[in-house]
Amino acid sequence: MSNALERWKSLTKNTKISALAIVGIMIFSVGYVGIGYVIASQALAVNPGCGMWSENTPSDWDVDDDWESFEPWPDAEERVEIRRDFDASPYQMSSYEEVTFSPRDNSDITLSGWYVEVDPDAPVVIQTHGMPMNGKCKPEMLLMQGYLAEGGINSLSFDLRNYGDSEVVGDYIAVGQKEYKDLLGAYDWLISEKGYQPGEVGMTAISAGGGAAIAFAEEPGIGAMWLDSAVLDFPLVVKNELGRLGFPTIFTGPATTVGGWLAGVSLDARSPMEAADDAGEREVFLTHAIDDPRVSVVHSERFEARMLENGGDVTTWYVEDRGHVDAIWGESDEYKSNLISFFTESLNDS
């Protein structure tokens, strides 16, 4: 009788421990998902349209902004000044074509673009924008398009899915994991509709548009790539964003996992770093502010190191005393010269 009682007590005790463990796991799981949702839903929520830039077109655009997003950042006054006081009048493009196309392998989505042709015998550059509210309408996108036009280079600037005038197909962005197919669709359209040959098409990507580097890795016909302040190391950018949103970096795991659930794809399935492995003889240009407060210069430094390890052809311009995507405004002449020289030489030599 005594032994049976002891066994009963032991069983009851173990059952209580197991129950507590199960409850603990459930609480942890709910907390894990909850924290991940709060973070990911803020960082990945779609913000379609062009907002204050909705009236911009290649032939009629300005640099107007509400400037509020610059206030919390270092050197906000200077960052606003170089944009607000910029003379955009020389970079109005007299003619352009409104075009639509679909992502590669998905004809159900319609993407919107502006094609500017200044020379039928010149190469062409695809432009990819960043996030959150963004698109081909954004002043730096139009300024880059104006630089290319002045340099005699054709361009196709377009809105990724869920941005600008392109189709909204979900509530969350996939940080390049799906969107790289959009850029491949732009490439396919240029080949099929405008008659360009592989190697005559280059690409640019700004900030979070660096996910387009996956497209560069995927499509060898893209002859050269220019990256400005680009997100190229996904685990690093998650930590960057957590800090920006005020969350500890220990929440990187739940933010990535739940973000993938929301976006419908693993957020680290493909890496922009693949482009550093698969560039081959194709040229890459990296420009980044050394003190960029939004996307750390470490992204470009790691990508450069990876390219050099692979014997790749990479040029870098690390800019001092500037912030995120500031060089295109504050170092206008040098930026334009580097951009035009890079694509004139890299695409014509392809």
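**Close-up A. What covers the buried residues of helix 2 includes helix 10 (327-330).** The model shown is predicted, and local features are therefore described where pLDDT is at least 70 and side-chain atom pairs where it is 80 or more, while totals for chains, interfaces and linings use all residues. Residues are numbered from 1 along each chain as its sequence is written, and side-chain values use heavy atoms, with hydrogens and water left out. Helices (H or I, at least four residues) and strands (E, at least two) are DSSP runs, numbered from the N terminus. In helix 2 (residues 76-84), the buried residues are Ala76, Arg79, Val80, Ile82 and Arg83. They lie on the same side of helix 2, because they cover an arc of only 165 degrees around the axis, the arc being that of the directions from the helix axis to the C-beta atoms. Buried means under 20% relative accessible area, exposed means over 50%, and partly exposed is in between (1.4 Å probe, protein chains only).

**Close-up B. An open sheet of eight strands has the order 1-2-4-3-5-6-7-8 with mixed pairing.** Its edge strands, each pairing on one side only, are strand 1 (97-101) and strand 8 (313-319). Averaged over the sheet and with direction ignored, neighbouring strands are turned by 20 degrees against each other. Helix 4 lies across strand 1, strand 2 (111-116), strand 3, strand 4 (154-158), strand 5 and strand 6 (222-228), and runs at about 115 degrees to strand 1. Helix 9 (residues 298-309) lies across strand 6, strand 7 (283-289) and strand 8, with an angle of about 155 degrees to strand 8. Axes are lines fitted to C-alpha atoms, for helices over the stretch in contact, and angles run from 0 to 180 degrees between N-to-C directions.

**Close-up C. Strand 3 (residues 124-128) pairs in the parallel sense with strand 5 (residues 201-206) over five bridges.** Two strands count as paired if DSSP finds at least two bridges between them. Strand 3 also pairs in the parallel sense with strand 4, over four bridges, and here valine 124 stands opposite asparagine 154. Towards strand 5, the bridge partner of valine 124 is valine 201, and glutamine 127 stands opposite threonine 204. Five of the five residues of strand 3 are buried, so this strand is largely enclosed by the rest of the structure. Both of its faces are covered, with Val124, Ile126 and Thr128 buried on one side and Val125 and Gln127 buried on the other.

**Close-up D. Strand 5 is largely enclosed by the rest of the structure, since six of its six residues are buried.** Val201, Met203 and Ala205 point one way from this strand, whereas Gly202, Thr204 and Ile206 point the other way. In a regular strand the side chains alternate between the two faces of the sheet. Strand 5 pairs in the parallel sense with strand 6 over six bridges, and within this pairing threonine 204 stands opposite tryptophan 226.

**Close-up E. The largest nonpolar core has 51 residues, and those with the most contacts inside it are Ile126, Leu190, Met203, Met225 and Phe303.** Helix 4 (residues 180-194) gives the most to this core, with seven residues. A nonpolar core is a set of buried Ala, Val, Leu, Ile, Met, Phe, Trp, Tyr and Cys residues joined through side-chain atoms within 4.5 Å. Leaving aside neighbours within four places in sequence, isoleucine 126 is in contact (heavy atoms within 4.5 Å) with Leu156, Phe158, Leu183, Ala186, Tyr187, Leu190, Val201, Gly202, Met203 and Thr204. A second, separate core has 37 residues, among them Ala88, Ile206, Trp226 and Tyr335.

Close-up F. Aspartate 321 lies in the loop between strand 8 and helix 10, where it is exposed, with a relative accessible area of 61%.
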